[in-house]
Structures are given as C-alpha cells and as structure tokens.
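Here's a quick briefing to read with the model open. Have a look at it first, then check the notes below.

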Amino acid sequence: MPLKTDLRGPAPSCPADKDDIIDEVLTLFRANVLFRNFEVQGGADRTLIYLTLHVVQCLVKCERIEDKQLALKELRALSIKSFPGPGEAGWTLGGLFPAPSNATEANLWKTYMKQAREELAIRLCDRLFDGPAAKNKWWQAFSKRKFMGKELKD
C-alpha cells in the first residue's frame, strides 16, 4: 500500500492529493477504537487494525509527556524498535494475520510496517499536540481504550 512519506522503506509513494492508509487510520481512529469486533475483508483491513493498535500504543507512551519534541523522539524510537511479526513469539494478533511463507516475505512485512509506524508517529504528534507544549486532551483521552480488546506490547 502506498504511503505519503519521505522515509526510506519498501512502500511505494502515494500522490500528495490522495489519502494513504495512515490518513485513514488517523481520520477513523476515534470511531474505530470503540469497536470490539472488526470484520477483516483483506490486507488493507489488517494494516488498518495493526496501525490502529500502534496509535493506541503511541498514546499510552505519550500519557506523561507534555513536550511535542520529546514525544516525537520517544514515538519514533518506539516505532523503529524491534517488534514481533505474524507467526513469531510475542505476536498478539494470533490468526488475524497469516504467517509469512518465507523469510523474505516476513522481512518485507516488517520493513513496511516499520516505515508505516514511523510515519504514523510523526503525523500523530501533529494531531496530539496543538502547539509545542499544548496537548490535545481529546486525542490523549483515547489512550485508555483498547481496540478490539487487544494491545501491542513494547
């Protein structure tokens, strides 16, 4: 799936005038996070679910951070940190994602998600903070919610 990003990675470029999956995650986050169930119809839905869970993880990380620059630093570090993928130990989404058929496919999934997670962290900071030190309480309030009753572990 294409991404609007300057970060290096396997994702193809998305035109600036089109919405990408990260725009969709951020636009629909506050409605989607209230769902206990989510009907998966394809790969895009799986990506939406994973990135929505990453937004919750980022919001929890920012609960005690009041400075936008510090939050951006912490979220970028969280986003590029090693994380489990489908079929690996520690993967919390069970059978929701099919296990990769080979190491190349697993590596491609992880590098794409690392790129998407980092871009998501950058864009989330712009929404989470109204200014350099003014947090948007309407976004931060969603750190207490668990999407589909699941969470990603640090």
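This is a predicted model: local features need pLDDT of at least 70, side-chain atom pairs count only at pLDDT 80 or more; totals for chains, interfaces and linings use all residues.

Residues are numbered from 1 along each chain as its sequence is written, and side-chain values use heavy atoms, with hydrogens and water left out.

**Lysine 135**
- You'll find lysine 135 in the loop between helix 4 (103–128) and helix 5 (137–140); helices here are DSSP runs of H or I, at least four residues, numbered from the N terminus.
- Lysine 135 is buried, at 18% relative accessible area (buried means under 20%, with a 1.4 Å probe and protein chains only).
- Its side chain makes a 3.4 Å polar contact with the side chain of glutamine 140 (a pair of N or O atoms within 3.5 Å, one able to donate a hydrogen and the other to accept it; residues adjacent in sequence count only if both atoms are side-chain atoms).
- Leaving out residues up to four places away in sequence, lysine 135 touches Cys62, Glu63, Leu128 and Phe129, among others (contact means heavy atoms within 4.5 Å).

**Cysteines**
- Zero disulfides turn up in the whole structure (cysteine sulfur pairs within 2.5 Å).
- Cysteine 58 has its nearest cysteine sulfur, that of cysteine 62, 6.8 Å away.
- Cysteine 58 is buried at 0%, and cysteine 14 is buried at 15%.

**Nonpolar core**
- The largest nonpolar core has 41 residues, with Tyr50 and Leu124 among those with the most contacts inside it (buried Ala, Val, Leu, Ile, Met, Phe, Trp, Tyr and Cys residues joined through side-chain atoms within 4.5 Å).
- Helix 1 (21–32), helix 2 (43–61), helix 3 (68–80) and helix 4 each give two or more residues to this core.

Key: Buried means under 20% relative accessible area, exposed over 50%, partly exposed in between (1.4 Å probe, protein chains only).
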